[in-house]
Every structure is written in structure tokens, then in C-alpha cells.
Amino acid sequence: MRELVFDIDMTDYDDVRYCCSGADICEKCWRYMSIACKILDTALREDFDFQLLLWVFSGRRGIHCWVCDPAALDLDGRGRSALAEYLSVLTANPVKKVYLGASDTLHPHLKRARIIIEDQFSKILEEQELLSNKERQTKVLNLVSNGEIRTEIEKEWNRMGQEDGQDVAKWDKLVAIIRHHQAKSSDRKLRYAVDEILLELVYPRLDIHVTKGVNHLLKSPFCVHPKTGKVCVPFQPRAVEKFNPSKVPTINQLIAEVELYDEKHNLLNKTADETPASETAMDTTGTPQSETPALKQAETPVAKQLRNEYKKTCLVKSIAVFEEFLKAFHGVWKGEGGGGANINGADPMSF
Amino acid sequence: MNFVARKRRILVDTGFTEYEMGLYSNDLQMYTTPPEIKITLREFEEQALERVKVYRIIEQTSAKGITKLSEEWRKAILDEIKAQGLKTFVKVFTGTGLGKTEADYEGRRRDHITHFICRLTYSRTEELRRWFMTQEMDLFRLRWHYLSSEGRQAFLKSNNLSYTSISEEEMSRLLTLSNGLVDSTKEYYKVPFTEVFDLISRRRIFLHKGFGYITSQDIISVIATQFRSFMSKQMMLCSNLYSRIIEDERLKAILGNLNTVYTGKNYTVGSGNAHEIDIKQLGTIARRAFPPCMLSLYSTLTNQNHLKHFGRLQLILFLKGIGVKMEDALYLYRSEFTKKMEPDKFDKEHSYNIRHSYGKEGKRTNYTPYACMKVINLNGGGAGETHGCPFKTFEANQLNKFLADNISNPEPGEVREIIDLAKNKHYQICCTKYFQTKNPGVKLNSIIEHPNQYFELSYSDRNSTSKTEDKKSVASS
């Protein structure tokens, strides 16, 4: 029994992002992550009927998804491989390349992915300036497999000149030329020429080995990334576009927030016995009071106070996301007769 | 008990019990019930060996690069099964399902019995289990192809694999959702996605809310998954039983050897394939025509002037097989060993064993040279040991060096390919590839299965080419 996990790493997008590279991540490249999250989230829910999906920002340059449905936990190695392959389109052999040519129809999952990508592609073109100079243009051009069409596009692009801000216009030109050829030719290889480029550039780049195996370790939610000091926080896939990785708190920031809060509420000199004060204060923050029953054990006042320290920080929102997930988790697993036996313990997630 | 008696009642016209008639109603079965019959030990061994041959044919056909499950693949396998005289299997493997002749039942019974014997044999280790499952799965899929529509229906029914067709209403919904992947002219079944992994990984199936929608042609994929998971559970059970079953010494001898039994040509001396080998030329011959396992032993012998026990045996039997005379073999070992050892000690400790290997001492058995399976399973690679199959025992860098030393002017990628094959444990295919690289002129009809076969092929080739070269040089001088 092990969660089905997905790992997407920003470094795998280095050939299509010009804002940052390596371990850095900014709002611009987060767009790739948000698209990846949307595509996978939809597929996992719609195609496989999974419901218990926990999406987490790793604290540095990647995102993880933990699928915790009973059917996902039961998957064996073959099942995990099958899902990983279903959900990835970049074949590594011999070079990374999306190829959709032979099939008669675009698989519904890929079509859905393409629609999600298309929706945001002009923003990506602008933000990453994907077609702003010769070198970048060549990269995209090389994804057009038909040589004749490639030359035609290149000619048109050259005619348009090299001024800034033409990325979208140049892309539209490329699409128009390919569409024109598609209309007059019955070449099967041409059918998905545009789709291939879109998927090649933006489709989620999964580290499938993480998904295939059951012994790969992923950073647990809420632990602190050793390099960046950032907390590994869960986020809502439906609000993934609004998530800003650069605003994720570091451990130092959290300590400062707790200190600031205590100072503001004059709690510094009080002892642990006076926790009711901090709890009252906490109510004003509007935190959901629903606690998992498992956590309601006899606690020393100090432990209780420490357990609530997060409520003085901005982490409170992330905890709310996590608690919402746990609630759904309990809902599903309660119905799971024997399989649920091992989760009736104190901690439902074996983090 | 009455119950048993009734079960065993023999139907006069066929010679099969009613129970067996039920068990063997279809050419294809899932092997859920073990056979309960009396069989002589001889039949036990002979029939099982036939099935082992079938597995090897399947493995070799796939290893030749013919696309699995293709028309060509099926034909190649069946032709070879026929060529090896395994007629009973051909009939049951290509059966349409529900034949009722005595020969039909006979074939199915043999299929049943041999499957279970092999299941036992191959349950011993993880490696054997995996190999067995691969061949059985391929065989299963091959046989499904030949089943008639009625045969398939009956098979599904008797194995409780009832998949529901979908309603028209659901169908019309699917048509819109699936972007054309669902074809309105075909019949579809709805199955949980956990039963169609291989269709999922190739994105060959429409998925919606945890269910896959498959056509009646694709249903084999579902059945194969069922068969595989059933078999892998059974194999584990079997492996637990194995230790109890081999308490019977007679079975132990058969089951323990079945997977390594060499089913090809026999290279014992006297079977007419020995060459006249000039012992003084052995070094040259070794570099030219020895397979890697023997070349590596020969080099150790001549460089380090010693070989450990299993290495000595492996090499001496091979040398015997290629035609080295006992006196010459003694001379070779003696001249090398005594560079580091007192001649007296050699004569006392080693010369007996060499004469023994040649069948001149003790019980005077003419021992057979080791086949590849035996060499591979020798598990060489211990400290100071050089026996076994180099593709298995060598470390990556050691193998690299060996290939670099022995393949002159490799084509780009060739060495890489061999190393990858070794990594994936295809030792014999590795050796075959190595052979082809070294002897581009020789056409191979099968993979290398025996070090002496390797030698036969490469030596005769080199012999003839070098002779023609000699002639040329004579003519030009």
C-alpha cells in the first residue's frame, strides 16, 4: 500500500523557459506548473475517478501530487507504470519528442490537454518570449516535421522582422500556415502538427520513475526545504493559477510571524497555562475549528499551545487546504471496510 | 467414497472420465485445477521436456526481433514446434476451442499436465518465475488468436469472466465524450481500469470515471491480465510447496534439472563433431573461435597459471568437446599449472581429475560439455573464479574491456547493444550478438545455446576463410 505519486520538476522545463533556470522558479514559469497541475488533476479525476488528490509545492522548484484513493494505493508496479505512461507524452528515446501521427483520432485525454494548453498559450508566448529571437524560433521550427512547411514558416517570420512583442503574431502565422496545408493535403503526418508542438512545449513533464516505483521518497507536506528554507505547502488545484511560489513562507519568516503576533497581542510574558487567551485570539482569524477527532487527545498545555502556533502565521491557509483534504479522506476511507482498519489510528497519513 | 468413484467413472467411448471431459472441454484453459492422474516417471519427464522446448522456441523467436504476436511470429513459432516433432502441442495450441475428438482431449490433457509440472519446476526462484510467466503469457495470447468466436465465448463463460455490454444510451454518451475513439460500429464492454493496464499504457482505450471501454478484440488484454495475476499468485504458492515435493528424490532429480536441460545438439565426444586440434595452436584458436566464457577461462589459465575447480571443469569438458585429446589437455594444464606449482603436486592432485573428465578414471563416464544454461547457472564470479557466463558475471567495466579487447573495429552502437543486453539478462542473445559481430560472414539460424555450438560455427567459418586466404597467398606468390 502506497500512495500513487507524481513529481514534476521545473528543471525539466529549462529548454522552454527563459525567465529562470535550474532551481529558480518565478510566477512566469509557474504557469507551466499550473497547466501541468490542471491537466493531470482533470485526467486523474475524470478518467480514473480518483478523488483524494493532494497537490503540494515542494518548497523549491517542483510540485507533487499524492493520490490517496483506495484504488490508487492498491496499484501494483504494472498499474503504476501503465498510469505513468498514459499520462506522459514525451518519449525520451531517441530524443524527447511528441509523436501523435499514426493514430486516427487524438486521444480524449490529449485533446483535453491541448485545449487547456491552448487556453493559456498566448500568455506563455508573451511571458517567455518563445519566438523573440532567431535561436528560439529555430527551436520551435524544429518541431515542425515537414521540411517544406518549415521553410515557408521561416520565410514568413523573416518577413515579419525581429521586433519585440511579436510572439503571438508569429505563432498565429505558424498555425495559419499549417492549417492551410492540412486543408489541402491528406498527409496523415500533418494531422496533428500543431497539437504536437503545443504538447511538446507545454505538456506536463513527469518524472515517471517516481510514479512507477513504490520506493521513491517524496518530501512530506509541511516539512522545510533544506536549501530554500521554504515550507512544503499544499495548494488547491482549482486555485493553482493564483498560487505564487515566491510568496511561500520560509521557516524564518514563520518564526518572525509568530514573534510579531505574540508581541502584538502582548503574549510574550505569559506562560503556557494561559493558552485560552491565544485560542480566543485565534478565533478572530476565522480558522476552521473543525479538528480531526484523532487529534483530540490528552495534551499538556505546552504541547497544545505549540500545536496551535501555526495559527499565528500565514501557514493557516495551507493547513486549511490540508484539513479539507483530510476530511474528504476520512469520508472515503470510512466506507472502505477492511482496508480502512489501518487508518483508524491516530494519524491518517503515514507522513 | 461414492463421490470419488463417480468422478472417476470412465466413459467407454473416449477413455476419459466425465470429470476430465468437463475439465478439458476447451482447448484453452486457465489451469485452475491441478491434474489428478497417474503418470509414469518417464512420461512425466518426457512430456515436461517437450513443453520446455516450446518455451524455448517462443523465447528464441521473440529474441530474433520478430514482433511479438504478429502473424510472422505465430508462424515462426508453430513451424519450429512442428519441426521439433511436438505434434500434440501444435494441435492443442492452434485449436479453435470446442473440438470433441479423442485427440482433442488427449492434447488438452497433455497441455494441462505439462503446464503443472513446469509450474513446479519454474517456481523455485524469482528469476525462473519471471521467465516462465513471460513464456506462458505469450503462449496464452498465441492460442487465443486461434480460438473461434464460440470457443472464446465458452472460455469466458467457464472462467466467470462476464463483462457486460453497454446500453445504447450509454453508447451515445460515450460517442460524444470520446472524441471519436469509440467507434459506433463496434461492440463495447465496460471494465474497471485496473484490468486493462496494457491498453492504458499505450493510450489505446477510452477511459471514463474509472472504467475502460474495450472492443471484443481487445478483450484478450483483460483476460491476459487476469491470467497473469492468477498465475503469479499460484507461482508463489507453488514455490512454497516445492520444498515438500522434492522430498521425493525421483521428482527432485527431474524438477531440479528441467529448466537447465539442454534440448539441442549433444556435444559429447564420439558424437562426430570433434576437430583435430593442434595444441600448439590453441592460443590462436582460442582468440579466434572460443566463446567468451571459454576464452576468459583460457586467458586466466595462461596468464595466471591456475584455474579454480569449476573453471577447470568447465574448460576441460569444452576442450574435450572440440576435439582436444586427453594427452594434449593434460599437457596444457600441466605446463601452465607447473609454472607456479611443483610438478609432483600437479600429478597427484590434478591429473586424475582431467583423466576423470575424459572418462578414463573412476566410473568412466563420458561427461558432456556444459551447455549455456548450465554455464549461466554455475554462478561464477566469486573471488578468483572465472567460470560461468561472462555476460552475467563480469562487472560493467570488465565487460567493456573484454569487448574492446576482442572485437576489432566494432560498428557504432554494437558494443553498447551487447552491454545493454547483458544488463537486461539476455545472456545468450548477448553471446549471439557477440558472435555475429566477430563472424559477420556466418548466417545464424538460432541463438547460441552451447559453447561448443559457438565454437563449431566460428571455427569452421574461420577455417574455411583462412584456407581460402592461404590459397590466395599461394597463388599470388
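Predicted model: local features only at pLDDT ≥ 70, side-chain atom pairs only at ≥ 80, totals over all residues.
Residues are numbered from 1 along each chain as its sequence is written, and chains are lettered from A and ligands numbered from 1 in the order in which they are written. Local features need pLDDT of at least 70 and side-chain atom pairs pLDDT 80 or more, while totals for chains, interfaces and linings use all residues; side-chain values use heavy atoms, without hydrogens and water.

The average pLDDT (the predictor's confidence in each residue, from 0 to 100) of chain A is 83, and 82% of its residues score at least 70. Residues 272-292 of chain A fall below 50, and this stretch has 28 contacts beyond near neighbours in sequence, a contact being heavy atoms within 4.5 Å.

Chain A contains an open, antiparallel sheet of four strands, ordered E1-E3-E2-E4. Strands (E, at least two residues) and helices (H or I, at least four) are DSSP runs numbered from the N terminus, and strands pair if DSSP finds at least two bridges between them. Strands E1 (4-9) and E4 (233-235) of chain A form the edges, each pairing on one side only. Three bridges join E2 (residues 53-57) of chain A to E4(A); A:Phe57 has A:Val233 in E4(A) as its bridge partner. Helix H1 (residues 27-46) of chain A packs on the sheet, touching E1, E2, E3 (62-67) and E4 of chain A.

The whole structure has zero disulfides, defined as pairs of cysteine sulfur atoms within 2.5 Å. For A:Cys223, the nearest cysteine sulfur, in A:Cys232, is 5.0 Å away. The sulfur of B:Cys372 lies 5.8 Å from that of B:Cys431, its closest, which is too far for a bond.

Conventions
Axes fitted to C-alpha atoms, helices over the stretch in contact; angles between N-to-C directions.
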